[in-house]
Amino acid sequence: EVQVEESGGGLVQPGGSLRLSCKVPGLTFSNYAMSWYRQSPGAPEKERELVAAILGNGGGEHYADAVKGRFTISRDNAINMAYLQMDNLQPEDTGAYFCNPGYGVVIFNSWGQGTQVTVSL
């Protein structure tokens, strides 16, 4: 079982920014791509949407169309951390954000608590 720890969410006004962090201790981190997912309010777990993904070597960034140009995924393999920089946030970005190893495919069915992002006036 893999332990995943997300943090950095909060309440922000439209146009604001947040930086989410994801720590995966105990994993040979650089061997795994990492992905961020969003679960919209009221949506079931099975409907978590892929927001962004990055390969183990830090390349191959992928973004959902809705966030292209606004979100940036990155990672620091030396400390087993992945990040999601979110700029120009909009109300439709509201939701719980989760990270997990894999490139848009869940490898370990072991989810963290997620971190809540709320974009509202």
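Strands E5 and E6 run antiparallel and are joined by two bridges, and within this pair Ala53 has His62 in E6 as its bridge partner. Strands here are DSSP runs of E with at least two residues, numbered from the N terminus, and two strands pair if DSSP finds at least two bridges between them. This is a predicted model, in which local features need pLDDT of at least 70 and side-chain atom pairs count only at pLDDT 80 or more, while totals for chains, interfaces and linings use all residues. Residues are numbered from 1 along each chain as its sequence is written, and side-chain values use heavy atoms, with hydrogens and water left out.

The pair belongs to an open sheet of six strands with mixed pairing, in the order E2-E10-E9-E4-E5-E6. At its edges lie strand E2 (10-12) and strand E6 (62-63), each of which pairs on one side only.

Strand E4 has partners in E5 and in E9, as the table sets out.

How is E4 (residues 34-39) placed in the rest of the structure? Six of its six residues are buried, so E4 is largely enclosed by the rest of the structure; buried means under 20% relative accessible area, with exposed over 50% and partly exposed in between (1.4 Å probe, protein chains only). In a regular strand the side chains alternate between the two faces of the sheet. Both faces of E4 are covered, with Met34, Trp36 and Arg38 buried on one side and Ser35, Tyr37 and Gln39 buried on the other.

Notes. Helix = DSSP H or I, 4+ residues; strand = E, 2+ residues; numbered from the N terminus.
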